[in-house]
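The following paragraphs examine a protein chain together with its ligands.

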Amino acid sequence: MNTKQVKAYGTTTATEPLQEITINRRVVQPHDVEMEILYCGICHSDLHQVKGDFGPFPPPIVPGHEIVGRVTAVGSHVNKFKAGDLAAVGCIVDSCGHCEYCNDGIEQFCDEGVTYSFNSPDKISGGHTFGGFSKTYVCHEKYVLQMPSFTNLAAAAPLLCAGITVYSPLKHWEAGPGKKVGILGIGGLGHVAIKIAKAMGAHVTVFTTSASKVEDAKRLGADEAVLSSDAEQMNRFDRQLHFIIDTVSAKHDVNSYLNLLRHDGTVVLVGLPPEPLEIGAFNVVMGRRSFAGSNIGGIAETQEMLDFCFQHNITADSEIIAIQDVNEAFERLEKGDVKYRFVIDMASLKN
Ligand code: NAP
Ligand code: ZN
């Protein structure tokens with residue numbers, strides 16, 4: 001297959017910083033869309049993967065899966081997009097297209113294995129996918145989203161992962177008027193979850209380990225914010241909440257949050273701590289509570305989420321950086337020193 005050389009930022013080992021490299025992207029196939037990447041968010045999953053938290057990766061790794069761009073070329077069979085359109089790519093860039101999960105629009109659970117936008121075996125090239133820390137992206141039109149014309153496009157990029165990852169469970173577990181929703185961890189995912197859950201009409205309580213975020217949570221729209229180290233404050237919410245989204249990226253005690261659920265309530269884990277979590281039997285048996293998980297969302301639901309956020313004027317609170325500062329951004333993300341999402345302005349990567 002013919003390829004084009006493209007500038008990117010990546011690394012070959014978990015111990016080396018990211019640096020400028022050249023990758024090969026396929027030339028546009030009949031159903032492909034090619035875009036010049038304008039902005040790419042930095043998700044904690046990018047950090048987990050370059051650190052090797054989820055196991056070794058085939059080198060080189062080019063992270064980035066919150067991608068907003070402008071279409072530069074389309075294949076002969078594409079009619080959903082044309083050159084000049086705003087477009088976006090999130091986490092999914094391929095799936096089998098015919099299993100029951102793909103047919104149900106939950107491609108993220110594809111029977112044959114979903115192809116993620118980076119560090120994922122690529123059935124088409126035979127290699128692996130390269131993410132959005134690069135000048136261009138190419139994939140099948142089916143996985144390309146129509147990007148609404150957000151006034152602040154950079155701040156909308158994080159919706160492509162952080163947004164859909166919280167929108168999908170909020171919708172599935174029916175967040176809305178009369179529902180008390182808890183959000184655990186105010187990072188990239190958590191702060192967007194506050195905005196989306198409020199827009200859905202739920203009552204929102206956030207739980208944070210960071211004293212500095214308690215006041216800020218209210219600015220973001222939370223009804224209540226709790227410093228999780230304060231046992232007295234935590235006790236106030238004992239058996240109060242219908243549903244909690246857990247966005248924490250490191251090992252933590254989920255049992256104290258299961259205790260905050262009403263009967264039949266659910267804690268939904270979206271965070272991906274590399275180590276297993278422990279669940280106490282009594283924390284779920286009492287009250288018939290559930291501990292569940294959720295993984296991003298399907299393509300149609302991602303489009304629905306983008307349109308919902310556009311309509312409700314929801315974007316991420318973002319710090320825009322140049323690609324040359326990406327290693328420092330990763331270090332700061334690891335320390336929790338970002339309010340609340342880094343977004344790379346890809347114009348900083350020169351051709
Ligand atoms: P992030 O911006 O780093 O936010 C994570 C937040 O978790 C932190 O801001 C912090 O919030 C809290 N936290 C961190 N370490 C903690 C600890 N040791 N104990 C308790 N709380 C801690 O990360 P993100 O980008 O939002 O991603 C969050 C997690 O979701 C990551 O593991 C990521 O890989 C995963 N993820 C999963 C999916 C999926 O589909 N399931 C999709 C995207 C991301 P406070 O300061 O408020 O305590
Ligand atoms: Zn992500």
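Ligand 1 is surrounded by 27 residues, a residue being counted as near when one of its heavy atoms lies within 4 Å of the molecule. The closest of these are His 44, Thr 208, Thr 209, Ser 210 and Arg 341. The model is a predicted one, in which local features need pLDDT of at least 70 and side-chain atom pairs count only at pLDDT 80 or more, whereas totals for chains, interfaces and linings use all residues. Residues are numbered from 1 along each chain as its sequence is written, chains are lettered from A and ligands numbered from 1 in the order in which they are written, and side-chain values use heavy atoms, with hydrogens and water left out.

By residue class, the shell around ligand 1 divides into 10 nonpolar, 15 polar and two charged residues. Here Ala, Val, Leu, Ile, Met, Phe, Trp, Tyr, Cys and Pro count as nonpolar, Asp, Glu, Lys and Arg as charged, and the others, Gly among them, as polar. Several polar contacts, meaning pairs of N or O atoms within 3.5 Å, involve oxygen atoms of ligand 1. A polar side-chain atom of His 48 lies 2.8 Å from an oxygen atom of the ligand. The backbone also takes part: a polar backbone atom of Leu 272 is 2.9 Å from a ligand oxygen, and a backbone N or O atom of Ile 296 lies 2.7 Å from an oxygen atom of ligand 1. On its own, ligand 1 has 920 Å² of accessible area, of which the protein covers 88%; such areas come from the Shrake-Rupley method with a 1.4 Å probe. The elements that contribute two or more residues to this shell are H1 and helix H5 (188–199), and H1 supplies the largest share, three residues. Helices (H or I, at least four residues) and strands (E, at least two) are DSSP runs, numbered from the N terminus.

Cys 43 lies in the loop between strand E3 (32–42) and helix H1 (44–50), and His 65, 22 residues apart from it, lies in the loop between H1 and strand E4 (67–74). Cys 43 counts as buried at 3% relative accessibility, as does His 65 at 4%; buried means under 20% relative accessible area, exposed over 50%, and partly exposed in between (1.4 Å probe, protein chains only).

The charged pairs complete the picture. A salt bridge is a side-chain nitrogen of Lys or Arg within 4 Å of a carboxyl oxygen of Asp or Glu, and by this rule the count comes to 16. Arg 26 and Asp 32 form one of them, at 2.7 Å from N to O, and both residues are buried. Another joins Glu 334 to Lys 51, with the closest N and O atoms 2.7 Å apart. Because Glu 334 lies in helix H11 (residues 326–334) and Lys 51 in the loop between H1 and E4, this pair ties together parts that are 283 residues apart in sequence. Glu 334 is partly exposed, with a relative accessible area of 44%, and Lys 51 is partly exposed at 34%.

Notes
Polar contact = N/O pair within 3.5 Å; in protein donor to acceptor, adjacent residues only side chain to side chain.
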